[in-house]
Amino acid sequence: MTILTDIANYINTNTSLTLGTDLFIGTLPANVDNCVGIFQSGGVEPTTYLDIIKPTIQVIVRNTNYETAQQLSYEVYDALHRLYAQAMGTTDIYTVFALQEPTDIGEDETGRAVFTGNYVLEVKN
C-alpha cells in the first residue's frame, strides 16, 4: 500500500484532486459520485539483475459529467505519464508510463461516466 499512498500523495499535490475528498486509495466510495480511485493491479516481471520492481496501478475516474470525468482522467495522465526520477515518500520511482491513454469504459449502474487508465512503474525495491 505504500506505493499507492505515495502515488496518491503525488497526485494530490500535482492535480486538482484532494486525497480523502475526491481521491481515494483502493476504493471508489459508493456515496461519492465524483471521485478518483487508485488501485494496485499486479505488475510485470521484475528486473532479474537489478533491484527494481515493476508494479502496475489502475486509476478509475467516476463522475456524473462525462466531460469532467474525461478531463480528470487526462489530468492524472498528464501528472503521471513519463514521470521519472522522483522520490515520493518512501518510494524511489525511476519511471512511470501509461499503458494507454485514459479510456471510457461506459457508465456505472447509476449512470455515472467511468474512465480508466493503467500505469506501469519502475521502482527501487
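Q: Which side chain of opposite charge is nearest to D6, and how far away is it?
A: Lys and Arg count as positive, Asp and Glu as negative; His and the chain ends are not counted. For D6 the nearest such side chain is K124, 13 Å away. A salt bridge needs a side-chain nitrogen of Lys or Arg within 4 Å of a carboxyl oxygen of Asp or Glu. D6 has none, yet is buried. Buried means under 20% relative accessible area, exposed over 50%, partly exposed in between (1.4 Å probe, protein chains only). This is a predicted model: local features need pLDDT of at least 70, side-chain atom pairs count only at pLDDT 80 or more, and totals for chains, interfaces and linings use all residues. Residues are numbered from 1 along each chain as its sequence is written, and side-chain values use heavy atoms, without hydrogens and water.

Q: What does the side chain of D6 reach?
A: The backbone nitrogen of T90, at 3.2 Å. Leaving aside neighbours within four places in sequence, D6 is in contact (heavy atoms within 4.5 Å) with M88, G89, T90 and T91.

Q: Where is D6 placed?
A: In helix α1. L4, I7, A8, Y10 and I11 are among the other buried residues there.

Q: How many aromatic pairs does the structure hold?
A: Two. In one, the ring centres of Y74 and Y77 are 5.7 Å apart and the planes lie at 70 degrees, so the pair is edge-to-face.

Q: Is Y74 buried or partly exposed?
A: Partly exposed, at 28% relative accessible area. Y77 is buried, at 14%.

Conventions: Helices (H or I, at least four residues) and strands (E, at least two) are DSSP runs, numbered from the N terminus. Rings of Phe, Tyr and Trp (its six-membered ring) pair if their centres lie within 6.5 Å; planes under 30 degrees apart count as stacked, over 60 as edge-to-face and the rest as tilted. A polar contact is a pair of N or O atoms within 3.5 Å; within protein, one must be able to donate a hydrogen and the other to accept it, and residues adjacent in sequence count only if both atoms are side-chain atoms.
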